[in-house]
Structures are given as C-alpha cells and as structure tokens.
Amino acid sequence: MSSHDCAGDCPIARRVFLKDVSLFTAALVAAGLAPRGAMAAASPIRALSREATEVRYPIPPKDGVQFDDKNEVILVRNAGKVYAFALSCPHQSTALKLDPAGTGGFYCTKHESRYRPTGEFISGRATRNMDRLVIRRDGNNAVVDVDKWYESDSEPAQWAAAVITL
Ligand code: FES
C-alpha cells in the first residue's frame, strides 16, 4: 500500500481544476463537439462525512463520474462497479480530467495520457493505470480511505480488488 507524498509536481488546485473541467466540457457541448451525456456524466460530489482519513459518499445511483475537489477523489460508477481514484495522474501527479473526447474515461493534459473509466491506462506517457483508493461498502455508502491506495504495477492483485461490486 502506498502513502501519498505530494513532493515535487503536486496536483493543481482542485477548484481551478473543476472550473477548467466544467468550462471546457460546456464549451465542447456548446460547439457540438461532445455529446450531452459527457456533460451529464461528470459532476462534483460532496462527501457525506469524513472521519480521519475515511470519506463517505452515497453510492451513485447510475453510471457516471464525480469529482470531490476537497478530498481529491474521483468516484466512478461503471457497469455495476464503483471505484475511487486518486485525482493525480500516476505519471507526474497532474490533476486528471474527464476525457474531452467523451469516452467517459480520463485524460491528463500534461503528457496526454488517457485512461478508461475503470482507471486502466490506454495511451500516453504514463506507465501504469490510475491509482485506486481503498474502498469498501457500508450499506448505501461507499467509504474511501483517501490516504491509502494501490498502484497497478506494484500491487496488481490489490489494485484489481479495490472495487465495490453492486
Ligand atoms: S503527468 Fe500525466 S501523463 Fe505525465
């Protein structure tokens, strides 16, 4: 399990990041370059509570992507599974964005890495999948430990198991 150390290239300020995502996506939709679904699929989420390093979210009612800027978490529901990802790109910690191509996955502007909604690496300069935060189900909530995550290259089994199956 890894601990987060924001030495060197730290993520950009999350408020700036969220503003950029929403403005960029809105511009694409307005220009007819992105499906409306791409706009509806990403939204901010506020944690229900936080106790020490554990943050609690309602399990999303449908597939989509939610960004928690305060806790630097990306929460994804996709095909009957829920994942929590670290916001930072695993290459050099740039904040990830929703893929403007409308894939439902993620995109890193620094070196143009792309990832699937499940966090799997597709292309670009990164060398591993997005880092998955430790997640567990508690009733209708997803509980995420924002200080513990798995890296797919060094902890592949734990990375694969870091999911809630609905
Ligand atoms: S920082 Fe994301 S690909 Fe390099």
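This section describes the strand pairings, the nonpolar core and selected residues of a predicted model.

The mean pLDDT of the protein chain is 83, and a score of at least 70 is reached by 75% of the residues. Over residues 1–40, by contrast, pLDDT stays under 50, and for this stretch the model has 49 contacts beyond four places in sequence. The secondary structure of the protein chain comprises three helices and 13 strands. Of the 166 residues in the protein chain, 33% are buried, and among the contacts with a separation of 6 or more, 48% link residues 24 or more positions apart.

Strand β2 (residues 49–51) lies antiparallel to β3, with three bridges between the two, and Glu51 has Glu54 of β3 as its bridge partner. These two strands form a hairpin with two residues between them, and in the turn Ala52 adopts a positive phi of about 55 degrees. Strand β3 also pairs with β12, again in the antiparallel sense, through five bridges, and in this pairing Tyr57 stands opposite Ala142 of β12. In a regular strand the side chains alternate between the two faces of the sheet. In β3, Val55 and Tyr57 make up the covered face, whereas Glu54, Arg56 and Pro58 make up the uncovered one.

A second hairpin is formed by β5 and β6, with two residues between the strands, and Ala79 in its turn has a positive phi of about 50 degrees. The two strands run antiparallel and are joined by six bridges, with Val73 paired to Ala86 of β6. Strand β6 additionally pairs with strand β13 (residues 164–165), antiparallel and over two bridges, where Val82 has Ile164 as its bridge partner.

A further set of strands, β7 to β10, forms an open sheet of four strands in the order β7-β8-β9-β10, with antiparallel pairing. Its edge strands, each of which pairs on one side only, are β7 (97–98) and β10 (121–123). Within this sheet, strand β8 (residues 106–107) and strand β9 (residues 114–115) are linked in the antiparallel sense by two bridges, and Phe106 stands opposite Tyr115 in β9.

In soluble globular proteins, nonpolar side chains tend to be buried together. The largest nonpolar core of the model contains 32 residues, of which Val73, Ile74, Ala84, Phe85, Leu133 and Val144 touch the most other members. Two or more residues are contributed by each of β3 (54–58), β4 (64–68), β5 (73–78), β6 (81–86), β11 (132–138) and β12 (141–150), and the largest share, five residues, comes from β12. When residues up to four places away in sequence are left out, Ile74 touches Val65, Phe67, Phe85, Leu87 and Leu96.

The C-alpha atoms of Ala161 and Val134 are 9.2 Å apart in space, although 27 residues separate the two in sequence.

Notes:
Residues numbered from 1 in each chain as written. Predicted model: local features only at pLDDT ≥ 70, side-chain atom pairs only at ≥ 80, totals over all residues. Core = buried A, V, L, I, M, F, W, Y, C linked by C-beta atoms within 7 Å. Buried ≥ 20, exposed ≤ 12 C-beta atoms within 10 Å, placed from the backbone. Contact = placed C-beta atoms within 7 Å. pLDDT = per-residue confidence, 0-100. Pairing = 2+ DSSP bridges.
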